[in-house]
Amino acid sequence: QVQLVESGGGLVQAGGSLRLSCAASGRTFSTYVMGWFRQAPGKEREFVAAISRSGARYYSDSVKGRFTISRDNAKNTVWLQMNSLKPDDTAVYYCAAGSGNAYYYTSYDYFGQGTQVTVSS
């Protein structure tokens with residue numbers, strides 16, 4: 001069992017930056033693919049970024065070049081650095097842990113409660 005707790009969301013102006021953190025419980029953190037998903041009002045949950053056990057990174061086209069995912073297995077933590085934020089980035093962001101294809105929601109077994117990110121224009 002893995003518990004995930006996100007933090008770092010908030011309100012920011014367009015062009016600004018935020019850094020999301022996800023703290024995981026358990027001693028098996030290093031064995032999981034860690035991902036970030038987001039869900040805006042009235043929209044389906046979508047893939048944002050993921051990082052494999054070996055550190056390979058994956059991004060959606062909409063955030064590539066602006067967001068950076070990283071992890072520290074010793075700290076059981078994954079981060080999402082978000083730069084050049086746009087109003088379209090407004091959503092609840094969820095941390096996830098799983099295995100398999102990093103892009104697919106169904107590859108993840110555990111999700112956090114989410115943290116709200118609001119980007120004003």
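Me: New to this one. Is Tyr-58 buried, partly exposed or exposed?
Reply: Tyr-58 counts as partly exposed, because its relative accessibility is 28%. Keep in mind that this is a predicted model.

Me: Which residue does Tyr-58 form an aromatic pair with?
Reply: Tyr-103. The pair is edge-to-face, with 5.6 Å centre to centre and 75 degrees between the planes. Tyr-103 is partly exposed too, with a relative accessible area of 39%.

Me: Are Tyr-105 and Phe-111 buried or partly exposed?
Reply: Tyr-105 is partly exposed, with a relative accessible area of 39%. Phe-111 is partly exposed as well, at 26%.

Me: How many aromatic pairs are there in the structure?
Reply: Nine.

Me: Which residues do ring pairs link into a cluster?
Reply: Phe-37, Phe-47, Tyr-58, Tyr-103, Tyr-105, Tyr-108 and Phe-111.

Me: Switching to charges. Which ring does the charged end of Arg-45 sit over?
Reply: The ring of Tyr-94, at 3.8 Å from its centre. Arg-71 lies over the face of Phe-29, and there the distance to the ring centre is 4.7 Å.

Me: Now the core. Which members of the largest nonpolar core touch the most other members?
Reply: Leu-4, Met-34, Trp-36, Val-78, Leu-80, Met-82 and Tyr-93. That core has 30 residues.

Me: Which strands each supply at least two residues of it?
Reply: S3, S4, S5, S7, S8, S9 and S11.

Me: What is Leu-4 in contact with, beyond its sequence neighbours?
Reply: Leaving aside residues within four places in sequence, its contacts include Cys-22, Met-34, Cys-95, Tyr-110 and Phe-111. Ala-23 and Ala-24 are also among them.

Me: And what does the second, separate core include?
Reply: It has seven residues, including Val-33, Ala-50, Ala-96 and Ala-102.

Me: On to sheets. What is the strand order in the open sheet of four strands?
Reply: S1-S3-S8-S7, with antiparallel pairing. S1 and S7 are the edge strands, and each pairs on one side only. Ignoring direction, neighbouring strands of this sheet are turned by 15 degrees against each other on average.

Me: How many bridges join S3 to S8?
Reply: Six, and the two strands run antiparallel. Cys-22 stands opposite Val-78 in S8.

Me: Do S2 and S11 run parallel or antiparallel?
Reply: Parallel, with four bridges joining them. Val-12 has Val-119 in S11 as its bridge partner.

Me: And S9 with S11, parallel or antiparallel?
Reply: Antiparallel, through three bridges. Ala-91 stands opposite Val-117 in S11.

Me: Last one. Which residues of S11 are on its covered face, and which on the uncovered one?
Reply: Thr-115, Val-117 and Val-119 are on the covered face. Gln-116, Thr-118 and Ser-120 are on the uncovered one. In a regular strand, side chains alternate between the two faces of the sheet.

Technical notes
Residues are numbered from 1 along each chain as its sequence is written. This is a predicted model: local features need pLDDT of at least 70, side-chain atom pairs count only at pLDDT 80 or more; totals for chains, interfaces and linings use all residues. Side-chain values use heavy atoms; hydrogens and water are left out. A nonpolar core is a set of buried Ala, Val, Leu, Ile, Met, Phe, Trp, Tyr and Cys residues joined through side-chain atoms within 4.5 Å. Buried means under 20% relative accessible area, exposed over 50%, partly exposed in between (1.4 Å probe, protein chains only). Contact means heavy atoms within 4.5 Å. Two strands pair if DSSP finds at least two bridges between them. Rings of Phe, Tyr and Trp (its six-membered ring) pair if their centres lie within 6.5 Å; planes under 30 degrees apart count as stacked, over 60 as edge-to-face and the rest as tilted. A charge sits over a ring if NZ of Lys or CZ of Arg is within 6 Å of the ring centre and within 35 degrees of the ring normal. Axes are lines fitted to C-alpha atoms, for helices over the stretch in contact, and angles run from 0 to 180 degrees between N-to-C directions.
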